[in-house]
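Keep the viewer open as you read.

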Amino acid sequence: MLFNSLSFVVFLIIILALYYSGVFSWTNRKRILLFASYIFYGIWNPPLVILLWISTVVDWIAGNKLSTEENKRKRKLWLFLSLAVNLGFLAFFKYRDFLLDNFTTAVNSYGYGYQAQPMDIILPMGISFYTFQTMSYTIDMYLKRTERAKTFLDFALYVTFFPQLVAGPIVRAQDLITQFYEEKKASLNQFFWGLFLLTIGLFLKIVLADTLLSETADNIFGSKAILHSVDAWAGTLAFSGQIFFDFAGYSTCAIGIALMLGIVLPDNFRYPYAAIGFSDFWKRWHITLSSWLRDYLYIPLGGNKHGIVRMYSALMITMLLGGLWHGAAWTFVVWGALHGFYLIIERILRNKIHLKINPYNGILLALLTYILVNFTWVFFRAREFDTAKNIIRSMLFMNTDGEKILATFDILKVFSLILILFSCHWVMRNTSMKSVSLKHLHGY
Amino acid sequence: MNLKQSFIIALTISLTGILAWEAYWRAQGKIPDLDDDKNLWAIQRAKVETASKNDVILTGSSRVLFDIDLNEWEQETGIKPIQLANAGASPIPVFHDIVNNTDFKGTVVVGVTPGLFFSTTSPEANPWKRSQSRIDYYIDRTYAQRLNHWLSLPLQKNLVMVSTSEEGWTDDIDLKSLLNTIELGNRTGKPAFPPFYAFAYIDEDRNNPMSERTATDTAFAGTVQKAWKFFIESNKNAPDKEATTSFFLADAEKFMKRGGQLTLLRCPSSGWLKKGEDQFLPRAEFWDYLIDKTPAKAYHFEDYSQLKDLTCPEWSHLSAPDARFFTSELVKIMKADGIISNNKTN
């Protein structure tokens, strides 16, 4: 079920009515939330709920064992079991065809006439999100960084809590499970703020992403023509706006819906297009994923504690796998590689150039960061490397006779929206909607 | 921070805005309407799964959609046909789906609009894709999608402001369509698409009578004619008679072998469009060629004195009263031929 659908409106009204009816105990309200979460997921494709159940049961058992087991080898085995199941699901459902394609290409380059059978597997919605979430629990249990969940109900609800089930934020066990231990009820102000966030989120997703920007991006990235520079830029900027509004909008909805139930979820986006540099960008873009990758991939790979070469390798591997997490194609890997490359260059430059950031050079550096981020979006959005190459060449003004395929109004629409987006991010970069609203209310 | 007050103010502004928007479009003459989208089609397609030997399925392009009045048919025969025709699309994929994915053994009427029927079998070409995408949607649709559509029907029937279309008519009033009507010069250098306004109202069973305005206001009908001219003149693809015919005939043979009754139907067209069809897709080379190769019963409007002089206000479809007449006459002819029986109980 999508937040931007009529069925979700009805679903949410029923859940809120049951949740606040005063008839049910806290345990029963949690059971209602859990059951509702399975409906929320299963109404799209009922059999795939089984995957959620398997993930939940395996990680619950692994977590329990890890909480009592002291034998190092056995602890490793339990961790391995959890990772194997979760990554196995991901590999099978998300990466099977990609792996098979590459395997076939590799085998055939040695002259074997191998023909793979594509299985046309359906991609379970949100699988990348909930597998990462449950894995974080087992890894934290293994590293003794978190307490085991008190009851199976609390754990199952942590894995399946519908507001953040399919598109994040990816929440850590200690931040969410503990909230389920005590009875939760949103205060009136929390409830209205949650409703406000849900509304803003829907506005970002439906109006700005889907209605105003997606068509321009689709037209440009779906075009076979060699494009005029203005068109290529308009398409890429439109996509940069679309993906932000779509994703941040959806996260904002999730945070708002949870808040209406009295549950606090972490921020996922903090005005990323005003980032100065790329480490700043990743502290602002899909924060719960980048901190997940930092804690469970970059640091275990060595982080910055084992010298420069190891650090840069860890950074690059993290970004490459981060790219692959977004989609099973080489274009996503290149997207990750570009970000890895940017991060490495930035670290090298930081050691050489010491710049004091003021509002004047700050906005220029933010603009430079945003422009460089746009080049990465080309690989993220393009389905073929040829498309990406043509668009990048046009963006670099190398296709002088490029075709104009967008109408004047489309271009004006995209450039003005993106100007507003960038300005808002710049103005808001050190604050939040909440503090701005508090300031204004106190002013009256 | 007191958000209750902010909430009440926001709610008041939103409701006022929504009501004003609704009132504005009603004042502009808009009435609530259903969208002939993939959901509406899929509901009809689902009926085929449980249809009996007595049932009738209509497939074809927009001519079958406009020209066969389902209520009239039901009145004449006691059976309401399942309307699976798709505007601007080839009926061949739909017939292929019925033959290969169901065990339906009743009557199938296939409308033959020469420019679309004989156009292509290429999955990527528009006439094919427009039909196939609906079949794919029917196969893949989720419970969530079905519920969303079911919930949207009462809104579509009662509110003008939710009116939108999969087709993308010039007079659609959703935000994206309204913005798309803004023109600031011609940057691309390509000929601009003429305005193409919706000219029918569809109901839940996909009965799709032409709007009265199209039938009575010649200037408005002229805008639709301009759109046909643009489509036809900008289409550079030659018809693919051999491929389309042989693809269709294979399914036709299979369907008739299992006891199904197949009927081909050529609906009326007029004016410039009819002349073009006569010149580029002449009856002898296309229609006659097709019906010679199949034992299926075939009806061409020109062969019947009561049908041959019907005039289409915008060259391609009948007005609502003429569609009722056409349907009742066609049913009479088909009954006389023993193609359909009268199941009326009264």
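Helix 8 of chain B has a kink of about 30° at Ser152(B), shortly before the proline Pro154(B). The bend at a residue is the angle between axes fitted to the seven residues ending there and the seven starting there. Helices here are DSSP runs of H or I with at least four residues, strands are E runs of at least two, and both are numbered from the N terminus. Even so, the length works out: the 16 residues of helix 8 of chain B should span 22 Å at 1.5 Å a residue, and the end C-alpha atoms are 24 Å apart, which agrees. The expected span is 1.5 Å times one less than the number of residues.

Before going on, some bookkeeping. This is a predicted model, where local features need pLDDT of at least 70 and side-chain atom pairs count only at pLDDT 80 or more, while totals for chains, interfaces and linings use all residues. Residues are numbered from 1 along each chain as its sequence is written, and chains are lettered from A and ligands numbered from 1 in the order in which they are written.

Which residues of helix 8 of chain B are buried? They are Ala144(B), Asn148(B) and His149(B). Buried means that 20 or more other C-beta atoms lie within 10 Å of the residue's own, exposed means 12 or fewer, and partly exposed is in between, with C-beta atoms placed from the backbone. These buried residues pack against helix 1 of chain A together with helix 2 (38-48) of chain B.

That leads to the interface. In total, 19 residues of chain B are in contact with 22 residues of chain A, contact being C-beta atoms, placed from the backbone, within 7 Å. On the chain B side, helix 1 (3-27), helix 8 (143-158) and helix 9 (175-180) each give two or more residues. Helix 8 of chain B gives the most, with six residues. By type, this side of chain B divides into ten nonpolar, five polar and four charged residues. Nonpolar covers Ala, Val, Leu, Ile, Met, Phe, Trp, Tyr, Cys and Pro, charged covers Asp, Glu, Lys and Arg, and the others, Gly among them, are polar.

How far can you trust the model? It scores ipTM 0.88 and pTM 0.90. pLDDT is the predictor's confidence in each residue, from 0 to 100. Here is how the chains come out:

| Chain | Mean pLDDT | Residues with pLDDT of at least 70 |
|---|---|---|
| Chain A | 89 | 96% |
| Chain B | 93 | 98% |

Among the elements of chain A, helix 1 (residues 6-19) has the highest mean pLDDT (96), and helix 19 (residues 433-443) the lowest (68). Where pLDDT is low, the predicted coordinates should not be read in detail.

Now the insides. A nonpolar core is a set of buried Ala, Val, Leu, Ile, Met, Phe, Trp, Tyr and Cys residues joined through C-beta atoms within 7 Å. The largest has 65 residues, of which Tyr158(A), Ala254(A), Ala258(A) and Leu259(A) touch the most other members. Leaving out residues up to four places away in sequence, Ala258(A) touches Pro163(A), Gln164(A), Ile263(A), Val264(A) and Leu265(A). A second, separate core of 63 residues includes Leu65(B), Leu70(B), Phe286(B) and Trp315(B).

Two loop residues of chain A are worth a click. Most residues other than glycine have a negative phi, and most peptide bonds are trans. Tyr271(A), however, has a positive phi near 45°. Tyr271(A) sits in the loop between helix 11 (229-260) and helix 12 (278-282) of chain A, and counts as buried because it has 22 C-beta neighbours inside 10 Å. Phe397(A) has a positive phi of about 60° and lies in the loop between helix 17 (385-395) and helix 18 (408-428) of chain A. With 12 other C-beta atoms within 10 Å, Phe397(A) is exposed.

Back in chain B, Thr244(B) lies in helix 12 (residues 241-257). Thr244(B) is buried, with 22 other C-beta atoms within 10 Å.

Conventions:
Two residues are in contact if their C-beta atoms, placed from the backbone, lie within 7 Å.
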